[in-house]
Amino acid sequence: MNQPKRNGKQKEASADREIAENRRARFEYFIEDRFEAGIVLLGWEVKSLRVGKAQITEAYVIMKNGEAWLLGAHFNPLLSASTHVVPDATRTRKLLLSRRQIDLLRGKVERSGYTIVPLDLHWTHGRAKLNIGLAKGKKLHDKRSTEKDRDWQREKGRTMRHDS
């Protein structure tokens, strides 16, 4: 009853790997709903993402002409980028979502005052995906209470470790 050996590369390829995370979004906004969107990328951008040279902290998503667009994301071009292509690190990139998701997002943004923020950029089955969140902005007192809760959790963890 010998089981066939699993190749380590297969296991790694099936797992999601994170490229970049927007931690600031969770501090600045209440995330109501999450969506996973594909991104239209150029070849040099994919190579740059494979190395992990991406930043989405100042990025945001807009809805224009019935499509979702990622603005402000910064993908650093590699030094070995193609000689015939001029890389634009902060170009506007199209997001790939279903029509139902786009309609839902557009309705919430236009009517209910929500905003769409990128949460993290990751690989799923060899394709770059962006998790976006439907979010409401936090007020200053909300941010303070979040910080207070986080500090309390940290202090509680320290106390539990030292008491044991």
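**A guided reading of the predicted model**

In this predicted model, a polar atom of the S48 side chain lies 2.4 Å from the backbone oxygen of N76, a polar contact (a pair of N or O atoms within 3.5 Å; within protein, one must be able to donate a hydrogen and the other to accept it, and residues adjacent in sequence count only if both atoms are side-chain atoms). S48 belongs to helix 3, which covers residues 43-51; helices (H or I, at least four residues) and strands (E, at least two) are DSSP runs, numbered from the N terminus. The relative accessibility of S48 is 0%, so S48 counts as buried; buried means under 20% relative accessible area, exposed over 50%, and partly exposed in between (1.4 Å probe, protein chains only). Apart from neighbours within four places in sequence, S48 is in contact with K53, F75, N76, P77 and L78, where contact means heavy atoms within 4.5 Å.

Some conventions apply throughout. Residues are numbered from 1 along each chain as its sequence is written, and side-chain values use heavy atoms, with hydrogens and water left out. As the model is a predicted one, local features need pLDDT of at least 70 and side-chain atom pairs count only at pLDDT 80 or more, while totals for chains, interfaces and linings use all residues.

The protein contains 5 helices and 9 strands. From the N terminus on, these elements follow the order α-β-α-β-α-β-β-β-β-β-α-β-β-α. Of its 164 residues, 30% count as buried. Among contacts between residues at least 6 apart in sequence, 70% join residues at least 24 apart. The protein exposes about 11500 Å², of which carbon and sulfur atoms supply 48%; these accessible areas come from the Shrake-Rupley method with a 1.4 Å probe, and for residues, only the protein chains shown count as cover.

Strand 2 pairs with strand 9 (residues 127-137) in the antiparallel sense, over 9 bridges; two strands pair if DSSP finds at least two bridges between them. Within this pairing, A37 stands opposite L130 in strand 9. Strand 2 also runs antiparallel to strand 7 (residues 93-96), to which 2 bridges join it, and here G38 stands opposite L96.

A polar atom of its side chain lies 3.0 Å from the backbone oxygen of P118. Not counting residues up to four places away in sequence, N22 touches I56, T57, P118 and L119.

N65, in the loop between strand 4 (60-64) and strand 5 (67-71), has a positive phi of about 55° although it is not a glycine. Its relative accessibility is 75%, so N65 counts as exposed. H125, in the loop between strand 8 (115-124) and strand 9, likewise is not a glycine and has a positive phi, of about 50°. At 62% relative accessibility, H125 also counts as exposed.

The rings remain to be considered. The charged end of R93 sits over the ring of F75, 4.0 Å from its centre, and K136 lies over the face of Y114, at 4.7 Å from the ring centre. A charge sits over a ring if NZ of Lys or CZ of Arg is within 6 Å of the ring centre and within 35 degrees of the ring normal.
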